Amino acid sequence: MDVRIIFSLISISSVVFSARDSTYNSYGAAVDVGSKLSMVVAIEKDFLGEDTDEVLSVIKKYASIINKEYLPVGHLRTRYQTLKEAAFTDGVSIVLSIGACRDTWELFEKRQENSDILFISITEVECPRLPTGEAITLPLSTAGKELPQLLLDLRSLNAVQWKSVALIYDQISLTDDDIQSVTEALTIELPGKSYPSSALLSIHKLEPGDNEWKRRKNIQRTLRNLPGIDKNRNFLAIVEHSIISVILDLAKSEKLLDPTTQWLFVLSDVGDSENVTEFAYLLDEGQNIAFVYNNTSEKLACGDSRISCHVEEIMLSIGLALQKSVLAELELSEQVSEEEWDAIKPSKSDRRATLLSSIKSRLQNEGRCDNCTVWKLETGEVWGQEYLEARVTKLLSVGSWTPRGGPLLSDHLFPHVVQGFRARNLPISTFHVRYTVHVPTNLTLTGFSNSTKNIGLPIETLEGDKDESALNPAVWNKVISAVQQKKMFLGACAFTVTDARKLAVNFTTAISVEPYVFFLSRPKELSRALLFMSPFTISTWCCITAAVILMTPVLCAISRASPFYRVYGANRAGGFHSPMNCFWYIYGALLQQGGGALPAADSSRLVIGTWWLVVLVVVTTYSGTLVAFLTFPKMDALVADVTQLLASGHHLTWGIPAGSTLQASLKSSDEDKLKALYKGARLHPSISKELIEDIRSGHHVYIQRKTSLLFLLHRLFLNTSTCDFSLGSEEFMYEHLAMAITKGSPYLKIINKQIDWMHRVGLIGKWLKQYLPEKDQCSVSVSASEVNNHKVNLDDMQGSFFVLFLGFAASVLLIGIEFLIKKYVIAKERRIIQPFVT
């Protein structure tokens, strides 16, 4: 054949295939609609066995039909590989795998950068499904043996997120041959999870009974042998329809049903002629109970269950999905230019999502292969029902499960676990609290609002009158009556927890612990006239005076007794041989003045040197201590504790709020000190001006909660701009403040959990700090304020001027005495007749 003819044929073939892969829009521009379509078929022959040839022929048949009938433009290239050797190229759009579970997952994880590939997998039963947003998985289950796959699918979809579970089953619903499969479905590690997904499993078998009483006893014995809810809160019961009511009744009596536990009942003996609606009347407030039951109709034909049937439906669905996608893109590309098409054309991810949705929809709605098995999923929606005007008693349908499509959920299997009260408005009572008798009710409501973000509770607040407070017994009666009658979900007031009140309602964990303190007149600064005497005690001053007096004769005696003056002929007159000279030298040395001369004898010098050392220690200690006394003013003695208050009873009185829990606590106390405190206390119905003035005068002490007194202290400072009051240092009679809830309420545990969490992370402390008054000049002690900005003033120095005055007065007195002595001596000399000598 002529070479030119051969090249012509090759060119014509290239043009034909190029035209097949590309199309031109109305603008004459080439667009890539339908181009670069490639499918990898990965088959494991050991998995298919004798069906390998039949499956391959079906795939090739429909691959040819897709190219001829379903693709208006473009071409689907199909490559056939083994499951273990399959590899991806950039052009691969679809992967159809048929093989074992482990090999299927290994192939899926190979995709790496080619993450936009659509995976369709036919695999063995009890295999975790590939991610539903990226793939379609078809486990080949046998009718009547699908329970392990159902449980595995619920775990894969995170419909149940159990770290531990107790399995309860009877011999009829789950045979010994099936228990191994169910165990593996509940405990195997799920591939593709970034966290540990295996669960701890404990298995408990219900023994049959000859009669109703024995069967009930066997069920009760099994439930008592379950791990406590402190170790496990999830229960899976695969049992007969007839014993559900018995299990629920006994589980409630064993306290295994509360808002923190999850119960999933699997019923395989319920067909389309029966349902689980009757169980709705067995559910109580605060429970998390769901039902999965077999709703397969015996009237429906299950269709062909051969693997070739599934492959045929999948290939047909792929063809129809490609046709729909290509036509939609072709229609859009006809309306834009090539540059516009490049900007708006679907990405690989968009195309995969479109194909995935189309294939799933067709398999679910029009599939005929083994499509009769259906399980229904229903759950109890009971939280908050007691507080609704129209209570609805029914189960909520949350989805279904089929072997081909897996679980199709329209809601959460345990909706209250995820969404709490599911946007139900529940009535909550709270009351305004005046700052003069402050209880942190605002803090309570803020804290509860924040905690309900985690339990899904929108609140509707019903406020009382503005002049009411939680300290008022009438408020207590009003709120508690509403809570007891279940008109209110929660009394969101900071009530003081007492033994008497615990008989009426339950209380949450304490939101705050409130101590009582003294409210009294601010200590006054003592006179500083004798400040220079303060560094030493009286006994110390006496010792120093005695030392000066004793050192005078000692120095004088040693000087006179020393032979130094006789040996060397030194002058013994005057000097340190005179007692007065020694006294003034010792006194001058104490004042760090000294004298103009030293003794000539070494013995006397050693005495003076030793005295200098004593003076050094005394003067240094005095100077340092005097600085401290100048810095920290000396205050009146403060009544610090109850013992001191009782000891000051002869000049101080005290009082407590009338009708308060403090009054009741002191009255019923067995401690002698508190009994005496109650006996001598005045009862104040309110804080009056007379009471404030009595406290300001320093004659009365008021005992109240610390937060209440902080607000009162701040208000009084704003009124007078002076700090006339202070709080005692001792905190006593601690009271726990908590919210009130109905006795037996199942929600107490989850509310307490949120309150504990808020305490741990510091939220309640932060909110309390926000609501307390800001610090002002009265928030610090007098001594602390003096330290910050103390300047030496006349009050500090008046003692030195007082000493100077005394010194001058003594000097004038002595001068007068000296004149009198002189006059006496002169008068005496005049009376004496002196002989005249020439």
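A residue counts as buried when its relative accessible area is under 20%, as exposed when that area is over 50%, and as partly exposed in between (1.4 Å probe, protein chains only). By that definition, buried residues make up 44% of the 838 residues in the protein chain. The model is predicted: local features need pLDDT of at least 70, side-chain atom pairs count only at pLDDT 80 or more, and totals for chains, interfaces and linings use all residues. Residues are numbered from 1 along each chain as its sequence is written, and side-chain values use heavy atoms, with hydrogens and water left out.

**The chain**
- The protein chain has 28 helices and 25 strands, which are DSSP runs (helices H or I, at least four residues; strands E, at least two) numbered from the N terminus.

**Helix H25**
- The 14 residues of H25 (residues 748–761) should span 20 Å at 1.5 Å a residue, and this agrees with the 20 Å between its end C-alpha atoms; the expected span is 1.5 Å times one less than the number of residues.
- Among the buried residues of H25 are Leu748, Ile751 and Met758.
- Gly762, with a positive phi near 85 degrees, follows H25.

**Helices H9 and H11**
- H9 (residues 307–333) packs with H11 (residues 348–366) at an angle of about 135 degrees, and their axes are 9 Å apart; axes are lines fitted to C-alpha atoms over the stretch in contact, with angles from 0 to 180 degrees between N-to-C directions.
- Residues of H9, including Glu313 and Leu320, meet residues of H11, including Arg351 and Leu355, where contact means heavy atoms within 4.5 Å.
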